[in-house]
Amino acid sequence: MSKAKVNQGINLDEYKNVWIIAEQRDGKVLNIALELLGEGRKLADKLGVELTAVLLGHNMDEAAEELVKYGADNVLKVDHELLKVYTTDGYTKVITDLIKERKPEIVLIGATTIGRDLGPRIASRIGTGLTADCTRLEIDETDGKLLQTRPAFGGNLMATIVCPKNRPQMSTVRPGVMEKAKYNVDRKGNIEKVIPNIKDEDIIAKVLEVIKTEKKEVNLADASIIVSGGRGLGNPEGFKLIEEFAKKLGGVVGSSRAAVDSGWIDSSHQVGQTGTTVRPKLYIACGISGAIQHLAGMSESDCIIAINKNPDAPIFDIAHYSIVGDLYEIIPAIMDAIDDADNILKEI
Amino acid sequence: MKIVVCVKQVPDTNEVKINHETGTLIREGVPSIINPDDKNALEEALRIKDIHKDVTVTVLSMGPPQAKEALKEALAMGADEAILLTDRAFAGSDTWATATILSAALSKIGDYDIVFCGRQAIDGDTAQVGPEIAEFLNLPQITYVSNLEVDEDNNKVIAHRSIEDGYFVMESKMPVLLTAIKDLNTPRYMSAWGIFQNANTTEIMEWTVDDLTVDLTQIGLKGSPTNVYKTFVPTRKFEGEILEGETPQDKAREFLVRMKERHIL
Amino acid sequence: MNFDFTNEQKMIKQSIEAFVKNEIEPIAEEIDKEHRFPRETIKKLGENGFLSIPFPTEYGGAGGDTISKNIVIEEIAKKCGATAAIVSVHYLPINLILRFGTKEHKEKYISKLAHGEYIGAFALTEPNAGSDASNVQTTAVLDGDEYVLNGSKCFITNGGEADVYVILAMTDKSKGTRGISAFIVEKDTPGFSIGKIEDKMGICASSTAELIFENCRIQKENLLGKEGQGFKLAMIGLDSGRIGMASQALGLAEGALEETIQYLKEREQFGRPLIKFQGLQWYLADMHSRIEASRWLVYRASYLEQTGKPFTVEAATAKLVASETAMYVTHKAVQMHGGYGFMKDYPLERMMRDAKITEIYEGTSEIMKIVIASQITR
């Protein structure tokens with residue numbers, strides 16, 4: 001196999017349509033696939049082309065139907081026993097073959113732990129660029145190329161990336177950022193069964209077993225209230241107070257990267273550029289100064305409260321409500337106030 | 001056994017600040033560090049060396065001459081040899097071009113059993129270079145490795161590959177490319193022995209484009225399929241409200257009232 | 001003249017900073033409160049070579065320099081005075097065994113001490129021989145192939161925790177200080193027991209104990225150096241040890257200043273952060289200036305030791321200035337923290353308590369002045 005090349009002056013006009021790679025696990029389509037359909041639909045409409053979802057797996061008829069209802073014009077359903085569980089080798093081969101044969105203009109992949117394994121392997125086999133972890137996608141009004149915006153330097157900087165001379169234009173898209181497609185039960189689309197050219201020996205790195213961790217799930221992405229702690233807690237015990245506070249509000253505990261790096265809390269709680277991106281109804285940042293890397297993961301929250309001793313902390317720049325003070329005084333006071341809410345609200 | 005670890009020297013993004021007037025990054029005074037995930041990759045290679053006989057660990061980096069510091073740090077942690085790829089022709093490389101250059105260097109090194117990278121670098125956060133190297137060298141890959149066992153007798157590795165809600169237990173023959181995540185291990189410190197006996201006595205090899213067999217049209221800015229169209233500083237959208245009060249209790253009361261007004265609580 | 005760190009010194013500093021942040025800072029308050037000797041931390045320091053920096057590689061040393069060794073003590077002291085004291089004292093017997101020990105001594109002890117498997121201690125002080133070291137009353141009498149030790153030592157840092165002790169004892173009372181000899185005594189030697197464990201004002205996580213010798217028989221081979229060399233050996237050890245103590249004092253002062261600046265930036269009174277008040281800024285400038293003066297005295301003394309030049313006066317000067325600076329800075333730092341400075345929730349009160357000992361042990365400030373004066377008035 002010889003290495004593909006880029007920037008070879010290919011005919012860009014041969015490439016048409018928007019594809020999304022619809023990730024499923026255990027036959028169930030992931031939310032990110034619906035987000036990609038939402039975003040893909042917009043791009044396809046803007047370009048006046050079709051939106052195709054590529055679905056790999058085994059025994060997933062329902063999933064294919066679902067993709068149509070969520071806006072796919074076409075679904076390429078590749079059903080094979082060897083594709084039941086994701087493997088880099090299997091999925092790369094099948095999707096690369098399809099892209100080479102059908103020449104889509106844009107391919108979007110979810111920036112999940114799997115998408116980020118698959119995306120670069122496909123792009124480098126085909127010989128095209130890939131932009132990682134995009135948070136915004138637009139079509140350039142002048143020449144129709146895809147403008148792919150993503151955070152860099154830990155979210156300190158936003159960069160818009162283009163792939164001018166190679167096709168398809170490929171992006172992985174950060175989960176939780178794009179708006180999900182609307183479900184329409186009456187929507188119709190083509191579901192095409194594709195027979196893959198894949199053999200057992202194509203898969204070199206094999207999955208022996210899939211283990212679901214039993215550790216308590218920190219479901220930050222779906223939480224409607226998140227109380228996060230940072231270095232300002234001063235010590236790992238501070239998270240006990242955060243936990244108590246979160247429990248009182250019916251929320252879950254998040255954290256900054258600094259707190260995780262200090263070993264105060266497990267990385268599964270981390271919110272931010274390198275952690276989970278969240279968009280809760282209420283986000284309370286306690287003792288978090290607001291490194292951009294953190295802000296990148298929570299600034300879209302509906303209501304942000306910041307509690308910090310330092311009035312100059314950057315977190316206050318994005319907070320809807322800022323409380324300057326010692327969190328060890330403020331949080332207990334808030335918890336008391338909640339207990340006493342009826343009386344307090346009556347007074348006012 | 002031969003392990004090559006690819007490391008990148010990066011600015012510590014925890015320390016990066018922004019000049020809000022000019023909208024640019026303030027990189028001055030920001031310490032340069034070995035990219036954290038790469039350090040986990042290096043640690044794992046060194047652990048394999050601790051356990052197995054006859055393992056050599058080579059660290060490979062592409063960057064400006066000052067990236068030697070990162071390589072010295074790797075030597076002080078216990079790596080056997082270090083190679084820096086440095087040339088103006090490499091400047092402006094995107095992940096494709098970077099992976100092209102690194103894989104050319106890996107081909108020159110040859111005979112590796114494991115190529116180890118960090119999952120992603122904290123300055124670019126792309127997580128693409130590892131898989132792209134694997135593709136160019138036609139190697140199997142296991143990314144997001146959180147646990148690793150090397151079975152030298154059967155020339156294979158067994159790895160836990162982390163996913164959002166658990167992990168895959170995976171097996172691959174060697175040679176293989178692996179990418180490490182934080183959960184894999186805790187990197188060791190530079191030891192005093194490493195600092196005095198290895199880091200400053202082991203020569204760091206410097207390779208330029210002339211030392212590599214590489215297609216010049218596929219490296220640097222002109223060999224990159226992706227280009228930066230523009231960069232900008234994320235903007236703040238609004239002015240928030242400061243909840244005033246003499247005592248913590250006053251502030252807590254203000255908080256409660258706002259939450260009720262907005263029907264959040 | 002060159003005031004820059006070498007590459008190696010920069011890397012040592014970087015590495016020990018990371019070590020302190022991960023392994024020492026998080027437990028500093030706790031081990032102080034619980035008076036808990038941080039044995040695991042010492043072991044980890046040893047595993048990473050931080051206890052063997054200036055020693056030759058043939059005995060497991062890192063083959064590095066004395067300044068690097070003292071940088072390690074300084075960095076540790078920024079966050080934990082007790083751990084720094086333990087390390088500084090631990091270095092003393094290693095240094096003496098390397099300089100005066102036989103090949104067998106070195107093979108038996110150095111590698112284990114340097115790797116933190118063994119902890120070392122040095123015992124000179126007695127109830128009646130503090131600053132006046134010549135009044136040693138512990139005796140060692142040769143009986144066949146063995147020396148028999150009798151007497152007691154007090155205020156011995158690492159006492160009770162150490163595995164290897166270098167003990168000073170009188171072998172010939174008639175010769176005064178020239179009748180003092182040094183011996184290597186292992187813990188658990190019959191006749192050697194630990195007496196009172198002291199309850200101290202500061203460096204509470206370190207151990208300070210009384211050592212009791214009652215017909216304690218040790219092999220003749222445990223004599224370190226020659227008979228009668230003990231006092232000279234002790235002075236050499238202490239000269240070097242004083243630079244370690246000065247480094248500890250320097251680190252404590254730096255740590256206290258860092259904490260204070262951080263606090264003043266965060267704390268607001270009268271509508272602005274405390275850091276904006278000029279009165280407090282002047283204190284900070286004073287603290288900083290004294291720290292810098294200490295720093296260069298400490299580094300220069302280390303440099304002289306490293307390059308084999310005489311350094312007795314320089315070591316004494318460095319210890320005098322650095323320890324008084326540590327006291328001045330921590331005292332001011334507590335004051336600038338106001339009520340919080342007095343509370344155990346903040347590290348300042350611990351730092352102030354820890355600083356005090358640096359003016360006392362391995363020669364009080366007054367003894368330092370005698371050492372300095374005796375040299376400059378010759």
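Start in chain B and select helix α3(B) together with helix α4(B). Thr95(B), Trp96(B), Thr98(B), Ala99(B), Thr100(B), Leu102(B), Ser103(B) and Leu106(B) of α3(B) are in contact with Val129(B), Glu132(B), Ile133(B) and Phe136(B) of α4(B). By class, this contact between α3(B) and α4(B) has seven nonpolar residues, four polar and one charged. Before going further, note that the model on the screen is predicted.

Stay with these helices and look at how they cross. Two packed helices are described by the angle between their axes and the distance between the axes. Here α3 covers residues 95-109 of chain B and α4 covers residues 129-136 of chain B; their axes come within 8 Å and cross at roughly 50 degrees. Because of that angle, α3(B) is oblique to α4(B). The crossing of the two helices, α3(B) and α4(B), is right-handed.

Next, show chain A as well as chain B. How many residues does the contact take from chain B and from chain A? Chain B gives 69 residues and chain A gives 77 residues. Several elements of chain B each supply at least two residues to the side that touches chain A, among them α3, α4, β9 (141-151) and β10 (156-163). Which element of chain B gives the most to that side? Select α6(B), which gives the most, with 10 residues. Helix α6 spans 248-261 of chain B. Coloured by class, the side of chain B that touches chain A has 32 nonpolar, 19 polar and 18 charged residues.

Now hide chain B and keep chain A. The domain assignment divides chain A into domain 1 (12-202) and domain 2 (225-347). The C-alpha centres of domain 1 and domain 2 of chain A are 35 Å apart. Seven residues of domain 1 of chain A are in contact with seven residues of domain 2 of chain A. On the domain 1 side of this contact in chain A, two residues are nonpolar, four are polar and one is charged.

The next selection is a sheet in chain A. In what order do its seven strands lie? Across this open sheet of chain A the order is β7-β11-β6-β1-β4-β5-β12, with parallel pairing. At the edges are β7 (130-134) and β12 (190-194) of chain A, each pairing on one side only. On average, neighbouring strands of the sheet are turned by 20 degrees against each other, direction ignored.

Within the sheet, select β1 (residues 18-22) and β6 (residues 106-110) of chain A, which run parallel and are joined by four bridges. Ile20(A) stands opposite Leu108(A) in β6(A).

Helix α1 (residues 31-47) of chain A lies across β1, β4 (51-57), β6 and β11 (169-173) of chain A, and runs at about 180 degrees to β1(A). Helix α4 (residues 115-126) of chain A also packs on the sheet, touching β6, β7 and β11 of chain A. The direction of α4 in chain A makes about 170 degrees with that of β11(A).

For the last stop, bring back chain B and show chain C. The contact takes 16 residues from chain C and 11 residues from chain B. The side of chain C that touches chain B has seven nonpolar residues, eight polar and one charged.

Notes
Residues numbered from 1 in each chain as written. Chains lettered and ligands numbered in written order. Predicted model: local features only at pLDDT ≥ 70, side-chain atom pairs only at ≥ 80, totals over all residues. Contact = placed C-beta atoms within 7 Å. Nonpolar A, V, L, I, M, F, W, Y, C, P; charged D, E, K, R; others polar. Domains from an automatic or database assignment. Pairing = 2+ DSSP bridges. Axes fitted to C-alpha atoms, helices over the stretch in contact; angles between N-to-C directions. Parallel < 35°, antiparallel > 145°, perpendicular 65-115°, else oblique. Left-handed = near helix turned anticlockwise from the far one by under 90°.
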